[in-house]
Every structure is written in structure tokens, then in C-alpha cells.
Amino acid sequence: MDRILNLRKYHRPVLLREVLEVLDLSPHLIVVDATFGFGGHAFEIARKVDPGVLIGFEKDPDTYRIVSESLPPITNVRLLNMGYERMDEGLLKVGIFNVDRVLFDLGISSFSLEGSGRGFSFRRDEILDLRFNPNEGIPAYEFLNRASEREIAEILRKYGEERKSNLIARAIVENRPIKTTGDLARIVDKFYSPKLRNKAKARVWQALRIHVNDELNNLKRGLALALKYLKLGGILAVVTFHSLEDRAVKSLKFFPFLKPITKKPILPNEDEVSKNPRSRSAKLRAYMKVEEVDALRLINDSRFADPFPKARVPRRRIKHRRR
Ligand SMILES: C[S@@+](CC[C@H](N)C(=O)[O-])C[C@H]1O[C@@H](n2cnc3c(N)ncnc32)[C@H](O)[C@@H]1O
């Protein structure tokens with residue numbers, strides 16, 4: 001127990017009470033925590049569903065190692081070092097094909113920001129990597145050194161909603177090679193007054209992180225797989241931390257196989273925000289699965305979990321065509 005509580009020093013769970021409430025947990029349930037992190041939600045869930053099981057997905061190998069070393073020898077937690085976009089493979093590995101609850105907590109952990117050394121925080125001078133799993137894909141600095149000015153501008157605009165994306169992209173190309181957070185921070189700072197710099201860097205970092213981790217495609221795939229494996233009457237809960245993620249999750253309410261449980265997103269209260277300022281942008285939405293779902297069709301449905309306003313799902317509910 002002490003070892004598990006000790007993990008809180010790496011990350012403090014956000015909206016914990018509210019997540020446990022919407023998940024409506026009871027013994028014997030099978031739950032997936034798609035973003036296990038340091039188990040801030042997962043260990044509480046596992047305790048409530050015991051003798052049920054919690055299956056955790058965690059993409060970051062360092063986080064996985066730290067948590068694995070803290071797991072008690074007898075536990076109802078099965079932890080996989082795997083992205084939730086591979087949920088089908090993970091569930092096959094543990095031999096489970098139907099689950100009662102799925103949780104996604106999409107932020108980054110305090111450990112990623114402060115202890116991973118991969119440049120997630122623009123406040124620390126580190127290599128600008130930004131990958132959750134450094135064995136997959138290419139680091140952010142390599143993307144910035146290889147991509148065309150147009151490609152960089154497009155990523156900053158699309159994933160960071162950055163108004164000065166063209167100017168920043170040009171300055172990046174003119175100042176290559178980029179290697180560290182400091183290299184990029186100095187470029188972004190040039191375009192903003194000191195008061196606006198941190199918000200601008202937050203947008204640029206968000207954009208690059210989404211790009212190098214292919215976060216929006218992975219989220220779409222992860223959500224579709226979660227919906228496939230959820231039992232009828234099962235609950236999906238998602239905590240988001242920025243508008244693109246939130247819009248993707250909000251768009252689920254237009255699909256008739258889901259019934260929204262949260263009419264409006266649940267936000268952290270003042271007390272939580274004052275104790276944990278990182279929780280301030282969190283939004284929790286939850287849905288109940290009420291009809292069977294064809295995951296393959298969903299993944300290929302451009303309206304599913306789409307965060308971009310132009311292609312947004314129309315206001316009326318989408319008819320679910322059966323084959
Ligand atoms: C906000 S943290 C989760 C914190 C956790 N709920 C807790 O309270 O300890 C998000 C976690 O998701 C992990 N992650 C990011 N992308 C992932 C993916 N595609 N699949 C699985 N885990 C992912 C990150 O490494 C990070 O540990």
C-alpha cells in the first residue's frame with residue numbers, strides 16, 4: 001500500500017472522486033484504464049472492483065517500469081506497456097474480450113513534464129523529443145529539422161491553433177538545426193511580449209506533441225476499440241485537457257450507440273484547482289454504451305471523434321447504418 005501511495009509523488013490524479021462516481025463501480029467488474037500513468041485512478045478502481053480486474057495500458061516505458069516495480073506480488077491489476085491504440089492486442093494478451101468500464105485520462109503526467117527528460121516542459125532545457133514512447137516514431141527536433149516550412153506551419157496551426165504559425169515556422173527553418181527545448185523556446189519568444197510567451201509556447205508544444213505521438217488518430221482508434229470491447233450498459237469516461245481532445249470526445253454524443261451520462265462536462269472544483277493547478281483545464285465526459293458498435297467502420301468514419309470544426313458532426317444525431 002505504501003509503495004502505491006508513494007507513486008503519487010510522480011503524478012496526482014485529476015478529478016478522482018468525480019471519475020469514481022461516474023464509473024459507478026462495484027465488485028467483480030472488469031475495467032480498462034487506457035492511460036494508467038502512476039495508477040492514481042487505477043488503484044482506487046482496482047480496490048473497488050476486487051475480485052474484478054483492472055487492465056492498465058501505459059505507453060511510456062519509464063512510467064511502466066517505475067509502476068511495475070511498485071506493484072504488489074498479489075494484485076488484481078494487469079499492467080501492459082502498450083498504447084491504448086493497441087487495445088485489441090493487449091486484451092487478447094490477457095484473454096479478456098468484454099469489459100464493463102473504460103477510462104481515458106488524456107493529460108500528461110507530472111513525471112513526463114518534470115522527470116522524463118524528453119522536453120515536455122518548455123521551462124526545462126532538455127532535448128526536444130516529446131514522444132511518450134521513445135522507441136516509436138521520430139523525436140520532435142528531428143521533425144522540425146526535416147519538415148518543410150509549410151508542414152511545420154500546418155502542424156502549429158492545426159494542432160496548436162497558433163495564430164503566428166507561418167512566422168514561427170519560417171523562423172524555425174531559418175534557425176535549423178533545432179535540438180533542445182531552449183532552441184525552440186527562444187524562437188517562439190521572439191514573436192510575443194513577455195506576458196504572452198508562456199501561452200504561445202504551450203500551444204507550440206501541444207502541437208508538436210500531438211504530431212509526434214499521432215495523438216488524435218490514436219485517440220480515435222483507442223476510443224473505437226474501447227467501444228467495441230465495452231459490454232452493453234458499460235461506461236466510457238474520458239478526462240481531456242485541451243479543446244481538440246474535448247471536441248473529439250464531445251462529438252460522441254451524436255452517435256446513437258452511446259447515451260451521454262454527463263449532460264455537461266464535469267470540471268474540477270476550486271479546491272482541487274488550488275491544490276493542483278494542472279487540473280484547471282480538465283473536463284470529464286462519460287457515456288453509456290447502449291448498442292453494439294462496429295469498431296472498424298467507426299475508425300474509418302471521418303465524423304467519429306473529429307475535433308476539427310469544419311468537418312464537425314452535424315447537430316442532428318447520426319443514423320447508424322447497419323450492414
Ligand atoms: C495524465 S497521465 C495518467 C495519469 C493517471 N490517471 C494517474 O492518475 O496516475 C496520462 C498517461 O498516459 C500515457 N499515455 C500517453 N499516450 C498514451 C497511449 N497512446 N496509450 C497509453 N498510454 C498513453 C502517458 O505516458 C501518461 O502516463
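These legends describe close-up views of a predicted model.

**View 1. The sheet of seven strands.**
The strands of this open sheet follow the order β3-β2-β1-β4-β5-β7-β6, and their pairing is mixed. At the edges are β3 (residues 77-80) and β6 (residues 258-260), each of which pairs on one side only. From one strand to the next, the twist averages 20°.

**View 2. Strand β1 and its two neighbours.**
Strand β1 covers residues 30-33 and has both of its faces covered. Ile 30 and Val 32 are buried on one side, while Val 31 and Asp 33 are buried on the other. Strand β2 (residues 53-57) runs parallel to β1, and four bridges join the two. Within this pairing, Val 32 stands opposite Ile 55 of β2, and Val 31 stands opposite Leu 54 of β2. Strand β4 (residues 99-105) also runs parallel to β1, with three bridges between them. Here Val 31 has Arg 101 of β4 opposite.

**View 3. The crossover from β1 to β2.**
Between them, the chain passes through helix α3 (residues 42-49), forming a right-handed β-α-β crossover. Helix α3 packs on the sheet, where it touches β1, β2 and β3. The direction of α3 makes an angle of about 160° with that of β2.

**View 4. Strand β7 between β5 and β6.**
Strand β7 is mostly covered, since six of its seven residues are buried. In the order of the sheet, β7 stands between β5 and β6. Strands β5 and β7 run antiparallel and are joined by six bridges.

**View 5. Residues around the ligand.**
Which residues come nearest to the ligand? Of the 24 residues around the ligand, the nearest are Pro 13, Thr 35, Gly 37, Gly 40 and Gly 83. Sorted by class, the shell holds seven nonpolar, 12 polar and five charged residues.

**View 6. Pro 139 in its loop.**
Pro 139 is in the loop that runs between α6 (residues 110-115) and α7 (residues 140-146). Pro 139 counts as partly exposed because 19 other C-beta atoms lie within 10 Å, whereas a buried residue needs 20 or more. Leaving aside residues up to four places away in sequence, Pro 139 touches Leu 128, Asp 129, Leu 130, Arg 131 and Val 212. Asp 129 is 10 residues from Pro 139 in sequence, and their C-alpha atoms are 4.3 Å apart in space.

The peptide bond from Asp 50 to Pro 51 is cis, and its omega is near 10°. Pro 51 belongs to the loop between α3 and β2. A cis peptide bond is also found from Arg 176 to Pro 177, where omega is near 0°. Pro 177 sits in the loop between α9 (residues 165-174) and α10 (residues 181-189).

Leu 15 is not a glycine, yet its phi is positive, at about 55°. Leu 15 is placed in the loop between α1 (residues 2-6) and α2. Is Leu 15 buried or exposed? Leu 15 is buried, because 22 other C-beta atoms lie within 10 Å. His 28 is another residue other than glycine with a positive phi, in this case near 85°. The loop that holds His 28 is between α2 and β1. His 28 has 10 other C-beta atoms within 10 Å and is therefore exposed, as the cut-off for an exposed residue is 12 or fewer.

Conventions
Residues are numbered from 1 along each chain as its sequence is written. This is a predicted model: local features need pLDDT of at least 70, side-chain atom pairs count only at pLDDT 80 or more; totals for chains, interfaces and linings use all residues. A residue is near a molecule or strand if its C-beta atom, placed from the backbone, lies within 6 Å of it. Ala, Val, Leu, Ile, Met, Phe, Trp, Tyr, Cys and Pro count as nonpolar, Asp, Glu, Lys and Arg as charged, and the others, Gly among them, as polar. Two strands pair if DSSP finds at least two bridges between them. A crossover is right-handed if, with the strands pointing away from the viewer, the path from the first strand over the helix to the second runs clockwise. Axes are lines fitted to C-alpha atoms, for helices over the stretch in contact, and angles run from 0 to 180 degrees between N-to-C directions. Two residues are in contact if their C-beta atoms, placed from the backbone, lie within 7 Å.
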